[in-house]
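Good morning, colleagues. I would ask you to have the sequence and the model open while I speak. I shall take the strands and then the surface.

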Amino acid sequence: MTNTSGAASVTVPLLVAGPVVRRLTLERCVLWMVVTREPAGRFEVIRSRDQAVLLDTDLAEVAETVRIGTRAWVVLIDARFDEPQSDGEFIEYDWVVTENGHTQRLMQLTPALLYPNQSRPQLRLKKTLGEVLHGSCRKPHYDGDDALAQLDDRLADAFVNADAQRPDVLLMTGDQVYADDVAGPMLCAIHATSELLGLWPERWQGAEINDSETLQSSDFSYYCREALLPKTEENRALYKRFISGARKPIFTSVAAKNHLVGLSEVLAMYCLVWSDRLWPLIDRSSPASMSPDFQEQYDREAGIIAGFVADLPRVQRALAHLPCYMIFDDHDITDDWNLTRGWEAAAYGHPFSRRIIGNALVGYALCQAWGNDPDQLTSLIREQIKPVLEAKAQGYNPEQHERIIDQVLDWEHWHYQVPTHPPLIVLDTRTQRWRSESDPDRPSGLMDWEALTELQQQLIHQPSVLMVSAAPVFGVKLIEAMQRVFTFFGRALTVDAENWMAHPGAAHVMLNIFRHAKTPVHFGILSGDVHYSFVYDIRIRHSKSSPHIQQVTSSGLKNGFPTTLLHRFDRANALLYGRYSPLNAFTKRRGMSIDTRYPNADRNQSLVNGSSLGRVLIDEAGAIVQASIFDAKGNETLFRQPEQGGE
């Protein structure tokens, strides 16, 4: 069982997660980490080629902290240089800690963080991008290897082989964590982590089990949480014992048996999926409160989680050496998050579901969004979240907790831009929805008119752009057609009908952005979400000045699609929506010519299944010149250039 007795006396390492490199430009270096003592010491940045000191300062001068428990602080280091450095310059960073007269650096604190012959983690400052890695959908208990560990292999090769190409940036395009789909052993580890770090307890309204400590010890804590979650009117008899019920579907995940509820659970999960440092302190045997009926499932998941943990040192080391930008998708919060107007009315109208969603979003703000663009998140973190969480050291105030839930749910600045060449424009396709006015159960557009108008202004006069959209803008037509049929019969939630073409207004505006005379000539789109990978080249039909639009979809890092079903979809899509099919005339993108890049020149398939890490190479003009994926074993699949023509 989870060993919580005497957790405060267990010696936990100072650095339990991170450093993870976040925003990195020629002028600044931003790092994220979680520590178990109030951070102190010095922070250094050294230029590699001449060992010149770019920064040597007290950590407090460059770090913002948020206390999340009796023995836990989230730290964001924002180190700015006096002068911009050269494009391609190598720098090294270090944290120097002196305690009880004993001084330690990162190489002593976490030796496994460094590559051979390193004394400090090394970064390359890149404004002009040449190689970009990307991926989404990393579910720890998916029965497959973690392709994110391939990032470490690529960096290790670059450190020992001077001729090897080194990636410039990693883009994580959604579902970095699965708050709604958690394995029993992971939930057990989450509770142990919460105890080890003394993460703040919590109370809520709308459920008979109304606090985090009671939930953890209850019979419903493991594999039975769906009985506590707000459901549908039809399920009211089953769930009325626990909460008051809701008239619309809220938590639609079929795997919500261990859905995270409290903020402490969300924050503990982030510590466990990006670092291995707490895992050796955790007893992974099944908890006493778990029903014997789930023992077989627990044991099966425990074997998969053990493999996931074994790869974590490689993942942690890589994330300390390469800038990583992130954006949420639904599973970072909950399945089908904001899918329809009806879903939103039900979810935010119920105090328990509102709290669950809000807690996941607070965790996202602290552990993902903050590092993407610290300047943009400062007011939310410093003025809203930090005072409330740090006040919990003096006692829990449910009204204050509700206040930060209100703040994150109302926040409108999750999207961001990075000033690289080509510029990185990362879209928020979850909280700026274009809601259907005619039917509350019809899918919302992924972005509303105002957000799309702002996007168009960002794009005008740019010669090239690399845009991140969690869901592919151009999906598989057969799958989108099936989603359209289910939506017609009021079953959008059944098939996750979340695609850009599902909402007429959003589809029309996005397609018009591509048609705009001043849209970038080289327009790259990186996507994930769908649990398979594919590459399209798109041009505007009957246009002499069409931009070259390239969409590269890579999904998932540790997830996949049912193999037989995907193969059938692939074959049927090729037959029904081939180049000369009249069915293309009935799609919203009939004005687009779409060419498929075939994996390894195999024209018998266009969709690739299995865990993978995406890779794109970009030329000096900002165009994608090569797209490929690496599977979890390191095998590369190259998507070949298409022939002329198209759908």
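Strand β2, residues 28–35, pairs with β6 in the antiparallel sense, over 8 bridges. Please bear in mind that this is a predicted model. Within that pairing, arginine 28 has arginine 80 of β6 as its bridge partner.

Strand β6 has a further antiparallel neighbour in β5, residues 63–69, to which 6 bridges join it. Here glutamate 64 is bridged to leucine 76 of β6. β5 and β6 form a hairpin, and 2 residues lie between the two strands.

How many of the residues of β6 are buried? The strand spans residues 72–80 and is mostly covered, with 8 of its 9 residues buried.

Let me now turn to the surface. A patch of positive charge is found there, in which Arg442, Arg515, Lys588 and Arg590 gather. Arginine 442 sits in the loop that runs between β14 (424–426) and α13 (449–459). Its relative accessible area is 31%, so arginine 442 is classed as partly exposed.

Is leucine 575 buried or exposed? Leucine 575 is exposed, because its relative accessible area is 68%, and the cut-off for that class is over 50%.

Thank you for your attention.

Note on methods:
Residues numbered from 1 in each chain as written. Predicted model: local features only at pLDDT ≥ 70, side-chain atom pairs only at ≥ 80, totals over all residues. Heavy atoms only, no water. Patch = residues over 30% accessible without salt bridge, like charges linked within 9 Å, V, L, I, M, F, W, Y side chains within 5 Å. Areas by Shrake-Rupley, 256 points an atom, 1.4 Å probe, with all protein chains shown as cover. Salt bridge = Lys/Arg side-chain N within 4 Å of Asp/Glu carboxyl O. Lys, Arg positive; Asp, Glu negative; His and termini not counted. Charge placed at Lys NZ, Arg CZ, Asp CG, Glu CD. Helix = DSSP H or I, 4+ residues; strand = E, 2+ residues; numbered from the N terminus. Buried < 20%, exposed > 50% of the residue type's maximum accessible area, 1.4 Å probe, protein only. Pairing = 2+ DSSP bridges.
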